[in-house]
Amino acid sequence: MVLFLNGIPCEGSCSFQIVNIASAIFDRSAPDLDSCPDESLPEFAFIGRSNVGKSSLLNMLAGKAGLARVSPTPGFTKLINFFTMNKTWRLVDLPGYGFAQVARKHKSRFNRAVAEYLQNRPNLFCVFALIDSGLSPQPMDVEFIEWLTSNTIPFVIVFTKTDAVKSATVQKNIQAFMDVISGWYEKPPAYYTCSSTAKHGRRELLGVIEETLAAAQVAPEMSAEETSLTTEDSPAIIRKVSATSSRPKRPDRARPW
Ligand SMILES: Nc1nc2c(ncn2[C@@H]2O[C@H](COP(=O)(O)OP(=O)(O)OP(=O)(O)O)[C@@H](O)[C@H]2O)c(=O)[nH]1
Ligand SMILES: [Mg+2]
């Protein structure tokens, strides 16, 4: 069986060495879609409210503290930041939404860039949509999940900072959030929990990446063109979308954040 990675046939099996990330390198910061790196590598992006822990989670998954810059100041990440893992796939740190203090003009500029990235990046394999496990369902998070769903962007939900509150509170908040959104789907979205502080959830989330890459790789009968990474073509993406966004029952809305 011939395996393909972005149309390039691999000998035997392509090993991404995901759990053992040998190299994690900052590539660039992009202010808009045109400034993003080439589309040759699969990407996994982190999105969520400002301060939810996106950059921290990226560092935990990469196994490299300080790779993405972390700050207690909400709205800290302002550009689309690309990091290449093992030279074969990327983690992408996105600016957060929902931080009211950012100047209106600036806010709309980077929000548009994020929306364009999420809607138009052909090599975006999966989005990690981060939700603070210490909070009851926040309308902006609910609307954002709805927006991802209505745009058929593949995603999994990740409840963050599970170390910060009692586990009963985490469970209550997760249940409440999933109750709010579950009615939109035939099959509710996959969700995970994590704590970058307690180093919890790394293996599971790297497992999501590994599975998604593995599913996209196996294309025995396909030509190079046919393996290009569109929402329609990628088995991984089809799988994720069907797990998360089977036809929302509510109408599409304008970008909520
Ligand atoms: N207790 C706890 N704090 C965390 C965790 N993850 C991140 N933090 C803290 O939350 C704050 C924000 O973390 P970041 O990773 O910068 O959050 P972000 O989502 O990238 O924030 P913006 O870039 O501003 O959108 C920092 O003070 C982190 O130390 C976690 O798992 N547990
Ligand atoms: Mg950040």
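Figure 1. Phe44 is buried, with a relative accessible area of 0%. Buried means under 20% relative accessible area, exposed over 50%, and partly exposed in between, for a 1.4 Å probe and protein chains only. Leaving aside neighbours within four places in sequence, Phe44 is in contact with Trp89, Arg90, Leu91, Val92, Phe125, Cys126, Phe128, Ile209, Thr212 and Leu213, where contact means heavy atoms within 4.5 Å. Phe44 and Phe128 are 84 residues apart in sequence, and their C-alpha atoms are 7.2 Å apart in space. The model is predicted: local features need pLDDT of at least 70, side-chain atom pairs count only at pLDDT 80 or more, and totals for chains, interfaces and linings use all residues. Residues are numbered from 1 along each chain as its sequence is written, chains are lettered from A and ligands numbered from 1 in the order in which they are written, and side-chain values use heavy atoms, with hydrogens and water left out.

**Figure 2. The open sheet of seven strands.** The strand order is β3-β5-β6-β4-β7-β8-β9, with mixed pairing; two strands pair if DSSP finds at least two bridges between them. β3 (24–30) and β9 (191–193) stand at the edges, each with a single partner strand, so one side of each is left without a neighbour in the sheet. Neighbouring strands are turned by 25° against each other on average, direction ignored. Axes are lines fitted to C-alpha atoms, for helices over the stretch in contact, and angles run from 0 to 180 degrees between N-to-C directions. Strands β5 (residues 80–85) and β6 (residues 89–93) pair in the antiparallel sense over five bridges, and Phe82 stands opposite Val92 in β6.

**Figure 3. Helices α3 and α4 against the sheet.** Helix α3 (residues 139–150) lies across β4 (43–48), β7 (124–132) and β8 (155–160), and runs at about 165° to β7. Helix α4 (residues 167–182) packs on the sheet as well, touching β7, β8 and β9, and its direction makes about 155° with that of β8. Tyr191 is placed in strand β9 and counts as partly exposed at 39% relative accessibility. Not counting residues up to four places away in sequence, Tyr191 touches Ile157, Phe159, Ile174 and Met178.

**Figure 4. Nonpolar cores.** A nonpolar core is a set of buried Ala, Val, Leu, Ile, Met, Phe, Trp, Tyr and Cys residues joined through side-chain atoms within 4.5 Å. The largest has 34 residues, of which Tyr117, Leu118, Ile145 and Leu148 touch the most other members. At least two residues of this core come from each of β4, β5, α2 (104–120), β7, α3, β8 and α4. Leu148 is in contact with Leu118, Val127, Ala129, Ile153 and Phe155, its neighbours within four places in sequence being left aside.

**Figure 5. Protein donors of the magnesium ion (ligand 2).** Ser55 (OG) and Thr77 (OG1) lie 2.1 to 2.2 Å from the ion. Ser55 lies in helix α1 (residues 54–62) and Thr77 in the loop between α1 and β5, so the pair ties together parts that are 22 residues apart in sequence. Ser55 and Thr77 are both buried. Donors are N, O and S atoms within 2.8 Å of the metal (3.2 Å for Na, K and Ca); water is not among the atoms, so sites may look incomplete.

**Figure 6. Crossing of helices α1 and α5.** The axes of α1 and helix α5 (residues 202–217) come within 10 Å and cross at roughly 85°. That makes α1 roughly perpendicular to α5; angles under 35 degrees count as roughly parallel, over 145 as roughly antiparallel, 65 to 115 as roughly perpendicular and the rest as oblique. Leu57, Met60, Leu61 and Ala62 of α1 make the contact with Arg202, Leu205, Leu206 and Ile209 of α5.

**Figure 7. Positive phi at Asn51 and Thr152.** Most residues other than glycine have a negative phi. Asn51, in the loop between β4 and α1, has a positive phi of about 80° and is partly exposed, with a relative accessible area of 35%. Thr152, in the loop between α3 and β8, has a positive phi of about 45° and is partly exposed at 23%.

Key:
Helices (H or I, at least four residues) and strands (E, at least two) are DSSP runs, numbered from the N terminus.
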